[in-house]
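Subject: Structure for you to look at, with notes

Dear colleague,

Here is the structure I promised to hand over, and my notes on it follow below. Please keep the sequence and the model open beside you while you read.

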Amino acid sequence: MLKLTVCGAAGKMGKMIIERALADGSFVLSGAIESQGHPAIGQTIDKIKITDNFDAAVKLSDVIIDFTSPDATLEHLEIVRVNKKALVIGTTGISESGIKKIENTSNEIPIIFSPNMSIGVNLLFKLVNEIADVLPDYDVEIIEAHHNQKKDSPSGTALKLADIISKKLKLSKVYGRFGNVGLRKKEIGIHSVRAGDIVGDHTVIFAGAGEQVEVVHKAHSRETFAVGAVKAAKWLSGKKPGLYSMQNVLGL
């Protein structure tokens, strides 16, 4: 049995990850972490008390799953590194310098870092790469929609999609448009919607003369991210230090 610590254990994602991990049968919950002063501290999940003592929890764990905030994730990263454990990161909105820290730390511990743990979205990453090969002269636009409580924009998934396509087609990125922007250049337009309780929708448009191709992924529940995170944690167990993605986990 793999000993698992979940960061953000009292949040919607944390609760769902714990539920899926325990249902999987390969894990035992060894740590449930929340931020200092969180009202859930002291409450119990599967006989484990929620605590803000991350260092103590890591020492008892084999693998950690972190869906929290950029600052918290980077603090956790250093503690996981010192303790030589495995780490799954699903946090989005991490700065370029933070991503560099993750990359450097992966030289010492195994890390899975992905903006989206959904199996379907990771298939989408593969598909847009292949479509860009076939339709290199088509205009590309990305539209993402999430709930009104999401703090970062554009979504990590939209940025990943844009990175895949822009690197292949040498396109710049434009974040929304307003006013007299002139004729279209060699660019990808990235647009964000924040409304209601939308879990996560991503549409990639390839538009050419006389036709357009749209690739769409809609998440109906956060459960799809929890399922992917648990699958990633299981896959990561026993791996050598390195920076892995859900593409590695899924064999795509």
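Please bear in mind throughout that this is a predicted model.

Within the largest pocket, helix α3 gives the most to the lining, with 5 residues. The space in this pocket comes to about 1,300 Å³, and of the 41 residues that line it, Met 13, Phe 67, Thr 68, Ser 69 and Thr 92 are the closest to its centre. Two or more lining residues come from each of α1 (12-24), α3 (70-83) and α6 (156-169). Sorted by class, the lining of the largest pocket holds 21 polar residues, 11 nonpolar ones and 9 charged ones.

The second largest pocket has a volume of about 860 Å³, and its lining is made of 29 residues, of which Ile 99, Phe 113, Pro 115, Lys 160 and Asp 163 are the closest to its centre. Here α6 gives the most, with 6 residues, while the elements that supply at least two residues each are α4 (96-105), α5 (119-134), α6, β9 (172-175), β13 (242-244) and α8 (246-250). By class, this second lining has 11 nonpolar, 10 polar and 8 charged residues.

Among the strands, β2 has 6 of its 7 residues buried, so β2 is largely enclosed by the rest of the structure. Strands β1 and β2 pair in the parallel sense over 6 bridges, and Val 6 stands opposite Ala 32 in β2. Strand β8 (residues 139-146) is likewise mostly covered, with 6 of its 8 residues buried. It is joined by 7 bridges to β11 (residues 200-208), the two running antiparallel, and Val 140 has Phe 206 as its bridge partner in β11. Another 7 bridges join β8 to β10 (residues 187-194), this time in parallel, and there the bridge partner of Ile 142 is Ile 190.

Finally, what surrounds Lys 234? This residue is found in helix α7 and is partly exposed, with a relative accessible area of 36%. Leaving aside neighbours within four places in sequence, Lys 234 is in contact with Leu 2, Asp 24, Ser 26 and Phe 27. The C-alpha atoms of Lys 234 and Ala 21 are separated by 9.3 Å, although the two residues are 213 residues apart along the chain.

With best wishes

Conventions:
Residues numbered from 1 in each chain as written. Predicted model: local features only at pLDDT ≥ 70, side-chain atom pairs only at ≥ 80, totals over all residues. Heavy atoms only, no water. 1 Å grid on protein atoms, 1.4 Å probe; cavity = no way out; pocket = protein on both sides within 12 Å on 5 of 7 lines; lining within 4 Å. Points joined across faces, edges and corners; volume = space filled by probe spheres on them. Helix = DSSP H or I, 4+ residues; strand = E, 2+ residues; numbered from the N terminus. Nonpolar A, V, L, I, M, F, W, Y, C, P; charged D, E, K, R; others polar. Buried < 20%, exposed > 50% of the residue type's maximum accessible area, 1.4 Å probe, protein only. Pairing = 2+ DSSP bridges. Contact = heavy atoms within 4.5 Å.
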